[in-house]
Amino acid sequence: MSNEDVILTAGDAEVTVQPGNGCRIGSLRVGGVELLRQGQKYGCFPMAPWCGRIRDGRFRDGAAVHQMPLNSPPHAIHGFARNAEWRTARTSDTEAVFTYDLADPWPYPGRVTQIVELTEDTLTLRLGIETYGASFPAQAGWHPWFNRSLEGGGDPVRVDFTPAWQEERGEDHLPTGRRIDPKPGPWDDCFGMPDGVDVTLTWPGRFEVDVTSRERWVVVYDEQEAAVCVEPQTGPPDGLNTDPRLVTPIEPLETSTTWSWRRL
């Protein structure tokens, strides 16, 4: 199948997936109202095979040290999946499956799969990373850009969550390894939620969206005027070095997030 945009609909919810543009969710409209920031780099993109920044673009796997391109100097950020052309494996009215084969400069052969499922009041995204050969460390997650203010007016979004800790952020934007009590925003920070990610976005009088995941890590970024980001992921920034999840021939890395909405 081609990598043309795929549109899913359920009730008055409509999702546009762009396999040719990093398999990002280009649009999520509920009752005609767009929830995601529009633009080539925005929407909601999958992060794989790592999330956030890798310090100096280098990670270690056993004795080997691998250098990734410094796409956010002096670091490497957000993986390759968001810049890749994905293949549409199958679609229905409410579900679609996409794949992308890992290739140079990632040093290990493997495949990333994203499944997108829409109901009238939920969007579920699933990511899987499997290896075609040797085991390797990896991370997976999502980077949505939610509109700070919705078309049609109303107050800007409020972000509510109760993390157990905040990863202390160094001058280089990477965790220092210390866990601190959560600080007030604005944030470009990673938080720990050991019982699972659970963040509520509220546009007063308009919508409430709950972003949940069984993962224990979430990055919240709200330093930009146009949008706020709530990013469930399988490990913290620089996690390939500090908290790697191993993809093995018998155990892929699998994760999911669900967004549930209701009108206010």
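User: Is Arg 169 buried, exposed or partly exposed, and what is its relative accessible area?

Analyst: Arg 169 is partly exposed, with a relative accessible area of 30%, where buried means under 20%, exposed over 50% and partly exposed in between (1.4 Å probe, protein chains only). Bear in mind that this is a predicted model, in which local features need pLDDT of at least 70 and side-chain atom pairs count only at pLDDT 80 or more, while totals for chains, interfaces and linings use all residues. Residues are numbered from 1 along each chain as its sequence is written, and side-chain values use heavy atoms, with hydrogens and water left out.

User: Which residue meets Arg 169 in a salt bridge?

Analyst: The side chain of Arg 169 meets that of Glu 223 at 4.0 Å, N to O, a salt bridge being a side-chain nitrogen of Lys or Arg within 4 Å of a carboxyl oxygen of Asp or Glu. Arg 169 lies in strand 18 and Glu 223 in the loop between strand 23 and strand 24, so the pair ties together parts that are 54 residues apart in sequence. Strands (E, at least two residues) are DSSP runs, numbered from the N terminus. Glu 223 also counts as partly exposed, at 41% relative accessibility.

User: And how many salt bridges does the structure hold?

Analyst: There are 15, including one between Arg 245 and Glu 215, whose closest N and O atoms are 3.4 Å apart. That pair links distant parts of the chain, with Arg 245 in strand 25 (residues 245-247) and Glu 215 in the loop between strand 22 and strand 23, 30 residues apart. Arg 245 is partly exposed at 30%, whereas Glu 215 counts as buried at 7% relative accessibility.

User: Changing topic, how much space lies in the largest pocket?

Analyst: About 480 Å³, the volume being the space filled by probe spheres set on the grid points, which are joined across faces, edges and corners. On a 1 Å grid over the protein atoms alone, a pocket is an open set of points where a 1.4 Å probe fits, with protein on both sides within 12 Å along at least five of seven lines, and lining residues have an atom within 4 Å of a point.

User: Which lining residues are closest to its centre?

Analyst: Of the 27 residues that line the largest pocket, Ile 77, His 78, His 143, Trp 145 and Tyr 221 are the closest to its centre. Strand 20 gives the largest share of the lining, three residues.

Key
Helices (H or I, at least four residues) and strands (E, at least two) are DSSP runs, numbered from the N terminus.
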